[in-house]
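I opened the model and kept notes as I went. The entries follow in the order of looking.

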Amino acid sequence: MKNIVILISGRGSNMQAIVDADIPGARIAAVIANRPDAAGLAWAAARGIATVGLDHKQFASREAFDERLAAEIDAFQPDLVVLAGFMRILTPAFTARYEGRMLNIHPSLLPSFPGLHTHQRAIDMGCKVAGCTVHFVTAELDHGPIVAQAVVPVLDDDTETTLASRVLQQEHRLYPEAVRRFAAGELQIRNGRIGGVDAAAAGLALQVPVL
Ligand code: GRF
């Protein structure tokens with residue numbers, strides 16, 4: 001059984017999708033938020049999952065917060081740390097500690113549009129497709145070996161809100177599948193890349209309409 005600790009900052013809909021997926025061989029050991037009032041914490045607590053609210057504003061430096069965060073995470077002995085809408089820049093010491101065992105989801109087709117406002121930037125650039133990416137976390141923001149991606153069309157009349165919601169639907173499908181693959185031992189990093197897009201993953205991608 002793999003222990004998973006999920007980090008959130010807000011509503012936690014990706015966290016909910018992972019919990020609801022009831023992934024074989026995986027146990028959600030805890031949900032931790034850097035905002036004690038994060039809506040997702042209450043949702044997890046109501047399901048009997050251990051929760052921790054650790055207010056980053058109470059810490060003098062990014063390093064001090066990350067050190068305490070790591071201690072809170074490690075108390076649950078995780079095999080995998082899952083960043084699910086965790087809106088913090090992480091220190092190099094923190095990313096090194098969880099190298100190869102920390103995943104993030106980003107709402108763009110990386111390496112395009114790391115950082116914020118991904119949907120508006122995709123619309124402004126006239127992109128015809130957008131999507132989301134699950135990747136292993138490295139010291140560089142929104143980089144790291146890509147595990148899985150899902151693609152959606154960008155429509156002429158899209159706004160940031162309509163595109164975000166189309167991408168979010170795919171996030172909720174993609175992230176549990178990526179965690180399932182980690183728990184099943186299917187994610188091997190070789191030369192900085194994840195190999196083995198299996199038939200199942202390719203089949204899922206082919207269902208996505210691409211213009
Ligand atoms: C998601 O779009 C995620 O990709 C981004 O922030 C959003 C978090 O949503 N980093 P939620 O908290 O999982 O509902």
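**Entry 1: S9.** I began with S9, which lies in the loop between β1 and α1. Helices here are DSSP runs of H or I with at least four residues, strands are runs of E with at least two, and both are numbered from the N terminus. The model is predicted, so I took local features only at pLDDT of at least 70 and side-chain atom pairs only at pLDDT 80 or more, while totals for chains, interfaces and linings use all residues. Residues are numbered from 1 along each chain as its sequence is written, and side-chain values use heavy atoms, with hydrogens and water left out.

Is S9 buried or exposed? S9 counts as buried, at 7% relative accessibility. I use buried for under 20% relative accessible area, exposed for over 50% and partly exposed for in between, with a 1.4 Å probe and protein chains only.

Next I looked up what S9 touches. Setting aside neighbours within four places in sequence, S9 is in contact with N34, R35, A38, G85, F86 and M87. Contact means heavy atoms within 4.5 Å. S9 and R35 are 26 residues apart along the chain, yet 5.9 Å separate their C-alpha atoms.

The S9 side chain has two polar partners in my notes. The side chain of N34 is in polar contact with it at 2.7 Å. The backbone nitrogen of M87 is reached at 2.8 Å. A polar contact is a pair of N or O atoms within 3.5 Å; within protein, one must be able to donate a hydrogen and the other to accept it, and residues adjacent in sequence count only if both atoms are side-chain atoms.

Entry 2: I moved on to α1 (13–21). Its buried residues are S13, N14, M15, A17, I18 and V19. What do they pack against? The buried residues of α1 pack against β1, β2, α2, β4, β5 and α6 (160–183).

D22 follows α1 and sits in the loop between α1 and β2. Its phi is near 50 degrees, a positive value in a residue other than glycine. D22 counts as exposed, at 63% relative accessibility. Most residues other than glycine have a negative phi, and most peptide bonds are trans.

**Entry 3: α2.** In α2 (residues 39–46) I found G40, L41, W43 and A44 buried. Why do they share a side of α2? They cover an arc of only 160 degrees around the axis, which puts them on the same side. The arc is that of the directions from the helix axis to the C-beta atoms. A42 and A46 are exposed on the other side.

The buried residues of α2 pack against β1 (2–8), α1, β2 (26–33) and β3 (50–53). Just after α2, G48 takes a positive phi of about 80 degrees.

**Entry 4: the two domains.** I checked the domain assignment: domain 1 covers 1–98 and domain 2 covers 105–211. Such bounds come from an automatic or database domain assignment. The two centres, taken over C-alpha atoms, are 21 Å apart.

How many residues of domain 1 are in contact with domain 2? I noted 21 residues of domain 1 in contact with 15 residues of domain 2. The area buried between the domains is about 1,400 Å², with carbon and sulfur atoms giving 75%. That area is the accessible area (1.4 Å probe) that two parts lose on being put together, summed over both.

Three residue pairs are in polar contact across the interface, both residues at pLDDT 80 or more.

On the side of domain 1 that touches domain 2, β1, α1 and β4 (80–83) each supply at least two residues. The largest share, five residues, comes from α1.

**Entry 5: N104 and D142.** N104 is in strand β5 (residues 102–106). N104 is buried, with a relative accessible area of 10%. Beyond neighbours within four places in sequence, N104 is in contact with L83, T133, V134, H135, V137, D142 and Y175.

I followed that list to D142, in the loop between β6 (129–136) and β7 (146–153). D142 has a positive phi of about 55 degrees although it is not a glycine. D142 counts as buried, at 12% relative accessibility.

**Entry 6: P111.** My last stop was P111, in the loop between β5 and α5 (118–124). The peptide bond from L110 to P111 is cis, with omega near 10 degrees.
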